[in-house]
Amino acid sequence: MIQQAGMRAFPPRLPDQPIFYPVLSEDYAIKIARDWNVPASGAGFVTRFEVERKFIAKYDVQEAGGRAHLEYWIPAKHLDDFNAAIVGQIEVVGSFP
């Protein structure tokens with residue numbers, strides 16, 4: 001779906017996913033993709049992208065189970081604005097399995 005959006009936007013959240021959770025470190029993203037997404041759906045991807053500072057500054061960094069697990073909690077209803085604040089393209093930097 002990211003490819004269909006020209007590598008410039010994340011797809012809408014599913015009804016049971018009220019939050020979009022971009023993480024702040026590649027190590028944490030790898031853990032999610034490899035250890036959680038692969039068992040749940042058979043594949044996991046790690047992406048890298050930049051977001052305009054003035055947009056992301058509206059949100060606090062959240063600690064999700066430890067100092068190495070930092071992420072933003074973007075309400076699903078704000079995802080279109082988040083996507084509009086992406087600078088350049090979303091890059092896939094890892095895939096699993």
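In the legends that follow, Ala, Val, Leu, Ile, Met, Phe, Trp, Tyr, Cys and Pro count as nonpolar, Asp, Glu, Lys and Arg count as charged, and the others, Gly among them, count as polar. The structure shown in every view is a predicted model.

**View A. The largest pocket and its lining.** The largest pocket of the model has a volume of about 1,400 Å³. It is lined by 41 residues, of which Phe10, Phe20, Phe45, Thr47 and Phe49 are the closest to its centre. By class, the residues of this lining divide into 28 nonpolar, seven polar and six charged. Helix H1 (26-41), strand E2 (44-51), helix H2 (53-56), strand E4 (70-72) and strand E6 (86-96) each supply at least two residues of the lining, and the largest share, nine residues, comes from H1.

View B. In soluble globular proteins, nonpolar side chains tend to be buried together. When neighbours within four places in sequence are left aside, Phe82 is in contact with Phe10, Phe20, Pro22, Phe49, Val51, Phe55, Ile56 and Ile74.

**View C. Asn83 in helix H3.** Asn83 has its place in helix H3, and this residue counts as buried because its relative accessibility is 11%, under the limit of 20%. Apart from residues up to four places away in sequence, Asn83 touches Arg8, Ala9 and Phe10.

**View D. Val46 in strand E2.** Val46 belongs to strand E2 and, at 2% relative accessibility, counts as buried. With its neighbours within four places in sequence set aside, the contacts of Val46 are Glu26, Ala29, Ile30, Ala33, Glu91, Val92, Val93, Gly94 and Phe96. Between Val46 and Leu24, which are 22 residues apart in sequence, the distance in space is 12 Å, taken from C-alpha to C-alpha.

**View E. His69 in a loop between two strands.** The loop that holds His69 lies between strand E3 (61-63) and strand E4. His69 is buried, because its relative accessible area is 17% and buried means under 20%. Not counting residues up to four places away in sequence, His69 touches Tyr28, Lys31, Gln62, Glu63 and Ala64.

Definitions and conventions: Residues are numbered from 1 along each chain as its sequence is written. This is a predicted model: local features need pLDDT of at least 70, side-chain atom pairs count only at pLDDT 80 or more; totals for chains, interfaces and linings use all residues. Side-chain values use heavy atoms; hydrogens and water are left out. On a 1 Å grid over the protein atoms alone, a cavity is a set of points where a 1.4 Å probe fits but cannot get out, and a pocket is an open set with protein on both sides within 12 Å along at least five of seven lines; lining residues have an atom within 4 Å of a point. Grid points are joined across faces, edges and corners, and a volume is the space filled by probe spheres set on the points. Helices (H or I, at least four residues) and strands (E, at least two) are DSSP runs, numbered from the N terminus. Buried means under 20% relative accessible area, exposed over 50%, partly exposed in between (1.4 Å probe, protein chains only). Contact means heavy atoms within 4.5 Å.
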